[in-house]
Amino acid sequence: MNLLEESQRVGYVSRSVPFKGEDLKEQILKLKKEKNAVILAHYYVDAEIQEIADFLGDSLGLAQAAEQTDADMIVFCGVHFMGETAKILNPNKKVVLPDLNAGCSLADAAPKEEFAAFKAKYPEAVVVSYINCTADIKAMTDIICTSSNAVKVVESIPADKQIIFAPDANLGRYVAKKTGRDLILWEGACIVHIDISLEKLKKAKEENPNALLIAHPECKEVILSQADFVGSTTALLSFVQSSDCQEFIVATEAGILHKMKMAVPHKKLIPAPANEKNACACSECPYMKMNTMEKLYNAMFYELPEIQVPEEVRIPALKALKAMLEISK
């Protein structure tokens, strides 16, 4: 089995890395320079990858960075749909992902054939899809949105138009409430955000009465209704920096706490507790955590696994992405 077959079958290049710690970091930086590569990373990946990235951000920021880069190779430390987004925007650049197995429960929640049938029921509707979806779904979409701009995107659509909103129903309900629009929702959800425990959260609030609850709009409505602030990952980061409050319970994936602690080391940050019992007793995305320094090195060294998007999918998906990026300027 050659390396290409291995990367497709296993999901990554399974080769031992002859470096550790700072040596591994130095070798990654060396490869980046040699190959004119750019490392894009989401806030939810491990801290050591966040620190080595050229750009760290949420889905909107990462899409904008992917569109603007002049690098020859994009190394995306995130999940599969993010790599696809970068490839849609950069068909002539090589896009690699450390592990193809790094998927997304939201993207999985909207299978191509089922969504096509759903869309056919509402032929006059404008389709707004959250960026957390596959390239196939983006190709069936009129305009993409992220949690940063979903309200703005929906408000840009004429009031007399029906709107299908997919795949995150919690975000859709939040947007509907903020805009007053009657959205046709696809019932998908993020496994990380819906796993936040209401019972444990209540206890955390009792133990930290001075803390503000801040939440990502992918959380359940019952969580959002109790939140002092609701916003995208970047908006949550900005809020803890600008707020006079000194304590926060953060209801989103715990990876963002690394950047928050760097920004406000003097403030108390408490990860919202999850139902699932894990090492951190917090909300962690298992897919984001598939990104490791070793896989990152191998992806850069072997330039595998590579993301590909067929042109018949890429072109309509690009149109939907460009529509979002234009609104977000």
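Figure 1. The structure is a predicted model, and two cavities of 30 Å³ or more are counted in it. The largest cavity holds about 260 Å³ of space, and the second largest cavity about 60 Å³.

**Figure 2. Close-up of the largest cavity.** A total of 28 residues line the largest cavity, and those closest to its centre are Tyr44, Asn132, Cys190, Glu218 and Met288. Two or more lining residues come from each of helix H4 (59-68), helix H5 (80-89) and helix H6 (105-108). By class, the lining of the largest cavity consists of 14 nonpolar, 11 polar and three charged residues.

**Figure 3. Close-up of the second largest cavity.** The lining of the second largest cavity is made up of Ser59, Leu62, Ala63, Ala66, Phe76, Phe81, Met82, Thr85, Ala86 and Ile131. Helices H4 and H5 each contribute at least two of the lining residues. Eight residues of this lining are nonpolar and two are polar, and there are no charged residues.

**Figure 4. Close-up of the largest pocket.** The space in the largest pocket amounts to about 180 Å³. Asn170, Arg173, Tyr174, Lys177, Lys178, Glu221, Leu224, Ser225 and Val230 form the lining of this pocket. Helix H10 (169-179) and helix H12 (221-224) each provide at least two lining residues; H10 gives the most, with five. The lining of the largest pocket divides by class into four charged, three nonpolar and two polar residues.

**Figure 5. Close-up of the crossing of helices H2 and H15.** The axes of helix H2 (residues 21-34) and helix H15 (residues 293-302) come within 10 Å and cross at roughly 25°. Angles under 35 degrees count as roughly parallel, so H2 is roughly parallel to H15. The crossing of H2 with H15 is left-handed. On the H2 side, the contact is made by Leu24, Lys25, Gln27, Ile28, Leu31 and Lys32. On the H15 side, Met293, Glu294, Leu296, Tyr297, Met300 and Phe301 take part. Of the residues in the contact of H2 with H15, eight are nonpolar, three are charged and one is polar.

Technical notes
Residues numbered from 1 in each chain as written. Predicted model: local features only at pLDDT ≥ 70, side-chain atom pairs only at ≥ 80, totals over all residues. Heavy atoms only, no water. Axes fitted to C-alpha atoms, helices over the stretch in contact; angles between N-to-C directions. Helix = DSSP H or I, 4+ residues; strand = E, 2+ residues; numbered from the N terminus. Parallel < 35°, antiparallel > 145°, perpendicular 65-115°, else oblique. Left-handed = near helix turned anticlockwise from the far one by under 90°. Contact = heavy atoms within 4.5 Å. Nonpolar A, V, L, I, M, F, W, Y, C, P; charged D, E, K, R; others polar. 1 Å grid on protein atoms, 1.4 Å probe; cavity = no way out; pocket = protein on both sides within 12 Å on 5 of 7 lines; lining within 4 Å. Points joined across faces, edges and corners; volume = space filled by probe spheres on them.
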